[in-house]
Amino acid sequence: MGRSALWYFKRLVVALDGSEPPAPVANAVLQVLLFTAGAVLCAAHGLAELPFTFDNQTYFYLAERVASGVAPHVSLVDHKFALSSILSGAAISLGRLLELGDVASLRAVSVAAAAASVTLVAATALTLTRSWVVMLLAGLIMLGFNDFYLQGAMGARPKVFVVLFTAAALHATVRERHLQAGLLAGAATLCWQPAFLVPLALVLASLLRRDGGVVLWRLVAGGAVALVCYEAYFLWHGALAEQLSQSFVMASDSTTGFRRVRNTIPFLIGEGVRRQGVVRIFPVLFLVVSAAGLVWAMARPRRTFARLRERPGCFAIVICSYLVTAYTVYDHQAYPDRFILYPFFGLCGAVTLHYLLQRSKHPGVRVIAASAAIAVAAYVVVDSVHVTKDRAVTLDDQIALAARVEEMRVEHGPVWAVSCVHLLALERRANHTPYGVLFDGRVRRYIQRRLGQKPYLPLKDGEMPQVVLIARSGEFRAIPWLPMAYRQVDSKLFARHGIRVWLYEGFKAAPEA
């Protein structure tokens with residue numbers, strides 16, 4: 001006999017009530033849908049047209065050099081950890097075996113990382129609350145941050161991989177898989193140094209557990225595996241000394257910090273980021289809940305500690321969220337520095353809803369609240385989607401310019417690219433010297449310590465580059481001898497990309513020290 005409309009209505013009410021976990025099949029379907037939605041949001045930015053911009057140009061070059069057999073820190077002097085570049089380079093290598101383009105391979109793994117981050121945050125929310133409504137809401141909140149999917153589409157951005165490994169580490173933690181959590185937290189750190197706060201939070205949380213000794217040992221063992229594998233890669237390529245020097249000594253030479261505190265709140269909520277409109281309610285909610293939680297903990301420390309100790313996975317997430325937020329307050333630059341907070345924004349919004357639903361004893365109220373929350377989150381996703389179609393420069397334009405650079409290399413000789421190394425990567429060429437981000441003060445000071453040169457002369461086997469390509473500003477501060485040995489070429493083609501071209505003519509006078 002067929003089921004009545006009332007039966008279906010009752011089943012809908014039970015589902016929207018959110019008090020029951022989804023069946024395994026339904027869970028898998030939701031995860032696939034969330035992953036697909038993340039991939040679609042990345043693809044909406046135009047994977048075939050989206051150009052490489054700013055730091056992504058550098059990371060693309062590093063990844064291409066990895067695929068060509070040259071380790072980071074040797075191909076390009078840079079202070080950041082390079083696991084994301086190694087993974088991106090591995091994707092390019094696989095793509096070459098399959099006869100795929102380098103850019104397509106690079107972006108495929110980046111899109112997969114961004115989309116998988118959504119499913120991992122949703123899965124963590126489900127493990128914490130056993131509610132499919134909370135799981136769905138966490139995923140929808142993650143889908144609302146359009147800037148994250150822009151970077152996922154562009155490819156090679158380390159902080160996209162940081163989010164992936166952070167979300168995976170949190171998921172492993174709440175599932176009591178501590179060896180795996182240590183490995184993943186270590187991987188997050190090896191993509192970006194400040195992500196060491198993730199394994200630090202897991203370690204601190206383990207010290208307050210009754211079985212803390214065993215958990216701590218597993219976390220440390222997992223992290224050690226990640227570190228040993230990472231350093232073994234550089235040892236195999238004969239680049240261990242350079243990697244250690246740049247990743248630790250050079251990285252510590254920083255002048256950033258509290259000077260940016262004054263714009264912290266606008267930065268945290270996405271002020272100034274394109275189309276960060278309604279989605280700002282979730283960073284605001286996170287800050288409010290975090291502040292309220294801190295006040296509650298200070299007012300009732302014993303009760304708070306007892307509650308959190310009963311939920312060690314939740315305790316680890318709370319500690320991690322406070323540490324990551326504190327560091328972001330201390331030091332932040334461009335908007336990708338916010339990405340590591342996105343899993344916590346998603347979990348906070350979803351778990352807060354769960355708490356409010358549990359406080360209500362009437363199923364009807366829970367149904368209305370859950371439906372409204374899902375509707376708002378879905379609207380946020382739609383509202384956040386913004387794709388710029390009228391780009392001044394496209395990927396095809398960059399590929400054409402790279403071909404022109406290759407012609408100049410054949411015609412004139414070696415090319416030294418400064419802050420535009422992506423043009424070399426598109427032609428699978430190495431830079432004249434590994435100092436391609438010379439406008440970073442840390443790089444100039446590193447050169448002075450290692451080579452004793454101030455200013456730096458880009459000599460390779462005693463030969464100066466015949467062509468110098470420079471993007472961004474400040475070349476006369478970093479390279480004051482440039483007009484003494486080179487002639488600037490007026491090129492509208494390069495100017496359209498913000499690049500200046502200099503051809504070597506020989507020093508008219510000795511460069512000043």
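## Core, sheet and a buried arginine in a predicted model

Apart from its neighbours within four places in sequence, Tyr149 makes contact with Gly38, Leu41, Cys42, His45, Ala114, Val118, Met142 and Leu143. These contacts come from a predicted model. Tyr149 also belongs to the largest nonpolar core, a set of 155 residues in which Phe148, Tyr149, Leu438 and Leu469 touch the most other members. The element giving the most to this core is helix α5 (residues 102-129), with 13 residues. In soluble globular proteins, nonpolar side chains tend to be buried together.

Four of them form an open sheet in the order β1-β2-β4-β3, and the pairing is mixed. Strands β1 and β3 (486-489) each have a single partner strand and stand at the edges, so one side of each has no neighbour in the sheet. On average, neighbouring strands of this sheet are turned by 25° against each other, direction ignored.

Within the sheet, β1 pairs with strand β2 (residues 467-471) in the parallel sense, over four bridges. Two of the facing positions are listed below.

Helix α19 (residues 395-412) lies across β1, β2 and β4 (499-504), and runs at about 10° to β4.

Which residues does Arg157 contact, leaving aside its neighbours within four places in sequence? They are Asp55, Asn56, Tyr59, Gln151 and Pro336. Arg157 is located in the loop between α7 (146-154) and α8 (158-174). Its relative accessibility is 6%, and Arg157 therefore counts as buried, the cut-off being under 20%. With Asn56, the side chain of Arg157 forms a polar contact of 2.8 Å.

Helix α16 (residues 312-330) is a further element with buried positions. Its 19 residues reach 27 Å from the first C-alpha to the last, close to the 27 Å expected at 1.5 Å a residue. Buried residues in α16 include Phe315, Ile317, Ile319 and Val324, and also Pro312, Gly313, Ser321, Thr325 and Thr328.

Terms used. Residues numbered from 1 in each chain as written. Predicted model: local features only at pLDDT ≥ 70, side-chain atom pairs only at ≥ 80, totals over all residues. Heavy atoms only, no water. Helix = DSSP H or I, 4+ residues; strand = E, 2+ residues; numbered from the N terminus. Expected span 1.5 Å × (residues − 1). Buried < 20%, exposed > 50% of the residue type's maximum accessible area, 1.4 Å probe, protein only. Pairing = 2+ DSSP bridges. Core = buried A, V, L, I, M, F, W, Y, C linked by side-chain atoms within 4.5 Å. Contact = heavy atoms within 4.5 Å. Axes fitted to C-alpha atoms, helices over the stretch in contact; angles between N-to-C directions. Polar contact = N/O pair within 3.5 Å; in protein donor to acceptor, adjacent residues only side chain to side chain.
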